[in-house]
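Here's a quick briefing to read alongside the model. Have the sequence open while you go through it.

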Amino acid sequence: MTMLRVQSPGRVNLIGEHTDYTLGYVMPMAVNLYTVLEGERDENVNIYSDYFREWRSFTLNELKKENSWIDYIKAIYWVLLKKKYEIRGIKGRVYGDLPLGAGLSSSASFELATLAFLNRAYDLHLSLRDMALMAQEAENKFVGVPCGILDQFAIAFGKKNHVIFLDTDTLEYEYIPFPKDVSVVVFYTGIKRELASSAYAERRQVTEEVLRILGKRTSKEVNESDLTYLPSFYRRFFGYIIRENRRVIQVRRALRKGDIIEVGEILTRAHRDIARNYGVSCKELDFFVNKAIELGAYGARLTGAGFGGSAIALVEEEKAKEFGEAILREYKKKFPWNAKYFIVKPSDGVK
């Protein structure tokens with residue numbers, strides 16, 4: 001068998017944060033930073049990670065969690081074997097320029113790389129939709145992170161120069177062109193955050209509880225007036241979700257018109273709302289957003305789950321490098337963390 005090489009992007013969510021687990025609207029894009037998995041078929045799994053500089057291996061009948069990076073591959077095997085797919089192992093290497101733990105969804109990127117590799121190596125005939133849903137199931141049930149579908153869908157369905165408007169309830173989606181002369185500056189605060197953290201789980205629990213109390217299936221069916229008689233912090237959390245769903249639709253409209261100024265304003269408004277009412281920001285993320293606006297960005301906000309991780313700013317393409325350097329300088333004067341920035345564009349999905 002010849003060597004196979006799979007390239008799986010990271011993702012940035014432009015708008016629609018924490019709405020996916022209430023089956024609301026999101027607008028992610030795959031980005032041009034990648035996880036690369038290359039190798040060939042083998043009896044067992046034997047993978048070298050350039051990042052961790054180590055080999056890890058397992059046989060297909062020993063899928064126990066090790067709390068290491070190999071768990072993401074084990075999770076994919078666990079899902080496929082549970083669904084009775086005929087597969088064997090991989091001998092190969094994983095590397096790439098997608099940073100780990102920076103809020104760019106390196107875990108989902110790795111899962112999709114593994115799925116796409118096995119799909120081709122063992123002729124599984126999985127569609128992109130199959131792969132996105134299986135990777136989510138692997139993350140939820142094996143790794144133990146209660147994420148929604150956003151990351152996996154964006155990485156599977158990414159399209160160059162486009163963002164994806166996605167209804168996470170129906171999985172209906174639409175590609176919206178993203179302006180070619182605008183760059184997305186992703187700023188990693190240097191604060192690693194654990195998605196399985198109690199704060200993420202708590203918010204998910206509260207929003208699911210609100211849906212249960214109201215007898216609704218998705219956040220798309222809820223209005224602010226429905227929340228009147230709920231406890232105040234339920235109102236605060238879910239009020240944010242309702243407004244964020246609305247903002248995803250507003251950004252879709254503004255992008256269709258090519259109005260990047262309006263898009264930027266909506267993003268900044270979204271950050272203020274999630275910081276004040278959903279409580280998942282931190283002083284470093286807030287500093288970045290305020291400084292980005294001061295330095296001439298169209299708009300900025302945290303991206304991903306929050307609690308550290310990354311933020312994004314929309315900047316004119318030719319000023320992106322200068323902007324990134326300026327904001328990094330200012331940030332390092334104030335905070336001790338090992339921050340960095342990346343300039344990204346919407347890219348194609350896993351291939």
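**Quick tour of the chain**

An unreviewed UniProt entry puts the feature "domain: Galactokinase N-terminal" at residues 6-37. UniProt positions follow the numbering used here, feature names are shortened, and annotations may be inferred rather than shown by experiment. Keep in mind that this is a predicted model: local features need pLDDT of at least 70, side-chain atom pairs count only at pLDDT 80 or more, and totals for chains, interfaces and linings use all residues. Residues are numbered from 1 along each chain as its sequence is written, and side-chain values use heavy atoms, with hydrogens and water left out.

**Annotated spans**

- Residues 6-37 are 0% helix and 72% strand, and the end C-alpha atoms of that span lie 5 Å apart. Helices (H or I, at least four residues) and strands (E, at least two) are DSSP runs, numbered from the N terminus.
- The UniProt annotation "domain: GHMP kinase N-terminal", also from an unreviewed entry, covers residues 72-159. The chain there is 58% helix and 9% strand, with end C-alpha atoms 24 Å apart.
- UniProt (unreviewed entry) has "domain: GHMP kinase C-terminal" at residues 252-332. That stretch comes out at 62% helix and 15% strand, and its end C-alpha atoms are 35 Å apart.

**Overall fold and size**

- The chain has nine helices and 11 strands. Its radius of gyration is 20 Å, close to the 20 Å that the globule rule gives for 351 residues, so the chain is as compact as a globular protein of that length. The radius is taken over C-alpha atoms, and the rule is 2.2 Å times the number of residues to the power 0.38.
- Along the principal axes, the C-alpha atoms fill a box of roughly 55 × 50 × 40 Å.
- Of contacts (heavy atoms within 4.5 Å) between residues at least 6 apart in sequence, 70% join residues at least 24 apart.

**Burial and E139**

- Buried residues make up 58% of the 351 in the chain. Buried means under 20% relative accessible area, exposed over 50%, and partly exposed in between (1.4 Å probe, protein chains only).
- E139 sits in helix 3 (residues 128-143), and is buried, with a relative accessible area of 5%.
- Leaving aside neighbours within four places in sequence, E139 is in contact with Y72, S107, A108, E111, G144, V145, C147 and Q152.
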